[in-house]
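This briefing goes through a structure by topic. Keep the sequence and the 3D view open while reading.

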Amino acid sequence: MYLGIDLGGTNIKIGLLNDDLTVQTKLKVAAESETNSQTVMANMIAGIKQLLVETQTDTSRIKSIGIGVPGQMDIKKGLSIFSPNFANWENVPVVQLIEAQFHLPTYIDNDVRVNLYGEWQLGAGRGKQNVLMVTLGTGLGAAIITDGQMMYGKSNSAGELGHLNMYRHGRPCACGSSGCLGRYVSARGMIKTVQEHLAAGETSVITDWTHNDQTKITAKMVSEAYDQQDQLAQTVMQETGEILGYGLASAINLYNPERIIIGGGMAAAGDRLLTPTRAVIAGHALKVAREVCDIVPAQLGAWAGMIGAGVYAKQQI
């Protein structure tokens, strides 16, 4: 039996997986990401204890714990160096804190890599040896499997497609650069694009829905307005999809994947977003590389991170 944990900015998703990686039970607890690392880790520990009590599971039945954590980390030291999703979070010894509580082998990895481990073994990447996964949520994350091996790089930073520089003097990014892909292709980026069009004098049904309060605009609203033939929403979706297409064309040329998996909450936009993406790829990715690559939606759903963390935990034993 394995314990999988997906540390999200809003919720911490925790699950018990059987030896065959089927999910036995799961729960989620609030992360309280706006507080500090001590509170978030205390919430995680309390959630694990709650799950063990509710399922009457003794820790002796659990072989290992896997945790998906957003941001930069030292995997060998079990240290989360920095995470953009949490306040007051720096050099957090995640593995040490969990092992001290439960005395079980514990492993951390980047949340998108953990997602890809799950999709590769149990979802949309099964049977493939060269896979790129892109998660579209608040930001843009990515992970890459090449020739059957997850790419890590010297500092465990491989696959940061969200920081591909798309514009020389573009929107500033928290990474210190500007014009990064994730500042345009993400929920936050799409909302910013809507706001820029509104500031230019364009109109949209979205302003009626939010009573002209632009802070209430969501990416989901853009899809809904698109379906109502709202011109601004259709323009924004086209622009966003095209920028994603240029980013993925570069990734196809660089990594030569046979499959690109699109996950994350914003992926619900589906073909509204991906039709212009595919059109750009058709015109800009190398012909030989693009002809062997397909783009598919993720299969494991909202609990993909937790499932992937359980898969990752099993792989470490």
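**Helix α2 and its surroundings**

The buried residues of helix α2 pack against α1 (37-54), β4 (64-69), β6 (79-82), β7 (90-92) and β8 (106-110). The model is predicted.

- Helix α2 covers residues 94-102, and V94, V95, I98 and F102 are buried in it.
- Seen down the axis of α2, these buried residues fall within an arc of 90 degrees, so they line one face of the helix.
- An α-helix has 3.6 residues a turn, so residues three or four places apart point the same way.
- Q96 and A100 are exposed on the other side of α2.
- Just after α2 comes H103, which takes a positive phi of about 55 degrees.

**Helix α8**

- Helix α8 has 14 residues (271-284), which at 1.5 Å a residue should span 20 Å. The C-alpha atoms at its ends are 19 Å apart, which agrees with that value.
- The buried residues in α8 are L273, L274, P276, T277, V280 and I281.
- Seen down the axis of α8, its buried residues fall within an arc of 165 degrees, so they line one face of this helix.
- On the other side of α8, the exposed residues are D271, A279 and G283.
- The elements against which the buried residues of α8 pack include the helices α4 (187-199), α7 (231-255) and α9 (287-290). Among them are also the strands β9 (131-136), β12 (259-263) and β13 (294-297).

**The five-stranded sheet**

- Five strands form an open sheet with mixed pairing, in the order β11-β10-β9-β12-β13.
- β11 (149-150) and β13 stand at the edges with a single partner strand each, so one side of each has no neighbour in the sheet.
- Strand β10 (residues 140-146) runs antiparallel to β11, and two bridges join them.
- I145 has M150 in β11 as its bridge partner.
- Strands β9, β12 and β13 of this sheet are also among the elements that the buried residues of α8 pack against.

**Two threonines in helices**

- T193 lies in helix α4. With a relative accessible area of 5%, T193 is buried.
- Leaving out residues up to four places away in sequence, T193 touches R171, V236 and E239.
- T207 is located in helix α5 (residues 205-209). Is T207 buried or exposed? Its relative accessible area is 18%, which is under the 20% limit, so T207 counts as buried.
- A polar atom of the T207 side chain lies 2.7 Å from the backbone oxygen of S204.
- T207 also touches L198 and N212, again not counting residues up to four places away in sequence.

**Cysteines**

- How many disulfides does the structure hold? The number is zero.
- A disulfide is a covalent bond between the sulfur atoms of two cysteines.
- C180 is in no disulfide, and the nearest cysteine sulfur, that of C175, is 3.8 Å away.
- C180 is buried, at 0% relative accessibility.
- C293 is also buried, with a relative accessible area of 15%.

Conventions. Residues are numbered from 1 along each chain as its sequence is written. This is a predicted model: local features need pLDDT of at least 70, side-chain atom pairs count only at pLDDT 80 or more; totals for chains, interfaces and linings use all residues. Side-chain values use heavy atoms; hydrogens and water are left out. Helices (H or I, at least four residues) and strands (E, at least two) are DSSP runs, numbered from the N terminus. The expected span of a helix is 1.5 Å times one less than its number of residues. Buried means under 20% relative accessible area, exposed over 50%, partly exposed in between (1.4 Å probe, protein chains only). The arc is that of the directions from the helix axis to the C-beta atoms. Contact means heavy atoms within 4.5 Å. A polar contact is a pair of N or O atoms within 3.5 Å; within protein, one must be able to donate a hydrogen and the other to accept it, and residues adjacent in sequence count only if both atoms are side-chain atoms. A disulfide is a pair of cysteine sulfur atoms within 2.5 Å. Two strands pair if DSSP finds at least two bridges between them.
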